[in-house]
Amino acid sequence: MKGAKARKHSRASITVGILIIAILFASCASIALSLFKSVSDEMYAERRKSLNEVSEQVAKTVNTTCNYSWSVADAAFSHILSTDIESKESLPALISEAESGVYNHKYYLMLLDSRTNYYLSNGNVGLFKNIELLKKSADDRQVVITSVTFDSNKEYMIFLRRLDTPLILNDGTEITHTAMILPPEVYTSAFSCSGFDGYADFFIIRTDGRSIYRRNSTGDFKTAANILRILENVTFLHGETFEQLKDSLYFTTGESLEFEYENKNYYVSMAPIGTPDWIVLLIVPTEQMQSGAENLLSAAMQRIILMAVIGVLVAAIIIFCFVSAVNMRIRAAQQKQLNAALKKAADEANSANLAKSEFLSHMSHDLRTPLNGILGMIERAEESPDLTDELRNCLSDIHSASNHLNALINDVLDMSRLESGQVKPAEKTFDLRTVTDVCCSIIKSYAKQKNISFTYKCVDLQHPYLIGCDLYLRKVLINILGNAVKFTNEGGSVSFETEEISSEGETAVFRFVIEDTGIGISEECVEHIFEPFWQENRQYRTDNDGTGLGMSIAKKLIDKMGGTIEIISKVNKGSRFTVILPFSISRNAFAVHTDPEKQLPPASLKGMKILLCEDNLLNRDIAEHVLKKAEAVVTVACNGEEALKIFESSEIGGIDAILMDVMMPVMDGLEATEKIRSLSRPDAVRVPIIAMTANAFEEDVQKTSAAGMNEHLSKPINGKLLVSTLAKYRKEYE
């Protein structure tokens, strides 16, 4: 009996023990699942917020592009529409004039008549195939992306405007619409979405889901004619719905949700553009949104489940599982703190880089502004016919020292910016022959002074028109060529050869070889030549002044362009530098190959009316002296606001060109230029505005270009360069 009772109590104890273990396991599992869900929900919300910001920013960029294009189109056509046009034969010249007045334009302007005929600046006339856009039921202002009659191979962006009152030509033709046409290479840079390792499908759609523009990276939705119809039938996760996604558009905000499609998870984000009535839609695979924290959480959850299973058998392991769950919560909190600390550190680093960039920009301005005054006054003093030989020699020495100081300033500032990583190449279409000709022109003069023979050879140049940073290339070649002449003794030789060595698809590869008979570099020192401030033999510092930064700058620029440089050198025999660089091929180049040695006739600005805007009295006096010496008629403004008022009050065409400083009190040159360009008068768009500023970095050039300036002249200003630059535009007004 006792044995039976003992067995009965034993079975009861086991049963209770199993129940206790089961309860403990269930509690631990519940805690783990709750924690996992909490962190998972937080991550989902964070992803949606991040993706919302991306789609809203893209929508804002597209909207800004459209608004700016409308303002350019209205300004470009204002002159045509205010002209008394005699016949259709005069339209190409008027359209061409309007196109040339749009700064740095890559647009086509088109007029359409009541019979759906179009007229282009090149004289082409034809039927506009998109007739439905011209119907009376269509909107007065439309933005569409479609092919055009004269080029069915590309999708162009068309800004079409119906005139309030048709323009009646003398021969009875009724001009009813104007159109500005943007090639894809112009608008695709704005219609893009970076990030997500390139795995993002980008769409611009109408409200009914029809696609206006798409860029597919994943390829999963490549065949979708109407992306909204696909999204209507997918499975949305986290309890979300397709209606929730569409409803967000009525509140003009972005919305992002996760869904499953063909056994794969994605995030979709939509944001309204506004003007025009389009929608930005992004689709990103969920795996591209994964973070390290989520992978850690997933691994931790697997361990918890494993411990919980083992805990069914052993109560001690279940307790350990509970402790692990608590530790996981602590790790999640620590990870969150770590992420916050990393973000703060990144923000601080970014702020430091911005501060350094701003400091370098101010340093550039503050150093070059007085240097411009020094060089300008020296040039004026050298013009005096009453100088003694001693004074003339002193001025020549001061001029040489100032030019050397300018070169040192440029090298030190360029090196500092390259080290900070702030410099990015500005790519554009250029003619390789023009770049090499300019370099040769500069080096020929230097070599001639030292009685050094200089030769240049160009081999198999099949693709002279390229896309890339011509400023980087020119700086690399000038640095290497300058060193070759500098370290070659009198009577020696320097040769320069350019060769296209291969081309495949849209890329061509070029080899630039520079060889000299100079002092050479020892084999053990070649590996140090790209180190900042390095010079093999300090004895040459007296006769060959420099910072030792030239080759270091050249190497960093070559690296940024994706190229290589190789050096072969022997002491007292000479050196051979081989640079290999790839460039994208330009298929639609408009560059013109020019002769850099062409001399301008004297007094080339005679009668040209120039508005000079400069706040620094000394620099203003120097520029005014150079212009008046070239027989220009000069009007002076001390700041941007004063320049704006002078231009507004002038007669149409009364000012032939504007020289605009950038950093000025009251109103700076960038704001003044934008306000001038936006004036409702025909010469506001086409008057040449030339930056004449101490801000000389690439982003400074980009800022002046974006503001609407035609040229960028960096201080210290070279008088001959200033006159020749203005003379280019004088021809257009003769």
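I began with the largest nonpolar core, which has 43 residues, and noted that L473, L481 and F512 have the most contacts inside it; such a core is a set of buried Ala, Val, Leu, Ile, Met, Phe, Trp, Tyr and Cys residues joined through side-chain atoms within 4.5 Å, with buried meaning under 20% relative accessible area (1.4 Å probe, protein chains only). The model is predicted, with local features needing pLDDT of at least 70 and side-chain atom pairs counting only at pLDDT 80 or more, while totals for chains, interfaces and linings use all residues. Residues are numbered from 1 along each chain as its sequence is written, and side-chain values use heavy atoms, leaving out hydrogens and water.

I then looked up the elements giving two or more residues to this core, and found α10 (432-449), α11 (470-486), β16 (493-504), β17 (507-516), α12 (550-560), β18 (564-570) and β19 (574-585). Of these, α11 supplies the largest share, eight residues; helices (H or I, at least four residues) and strands (E, at least two) are DSSP runs numbered from the N terminus.

For L481, I listed the residues it touches (heavy atoms within 4.5 Å), not counting residues up to four places away in sequence: C439, I443, F454, V494, F496 and I514. I also recorded a second, separate core of 40 residues, which includes A98, V143, M157 and I273.

Last, I checked the helix pair: the axes of α10 and α11, lines fitted to C-alpha atoms over the stretch in contact, with angles running from 0 to 180 degrees between N-to-C directions, come within 10 Å and cross at roughly 25 degrees.

Methods: Buried means under 20% relative accessible area, exposed over 50%, partly exposed in between (1.4 Å probe, protein chains only).
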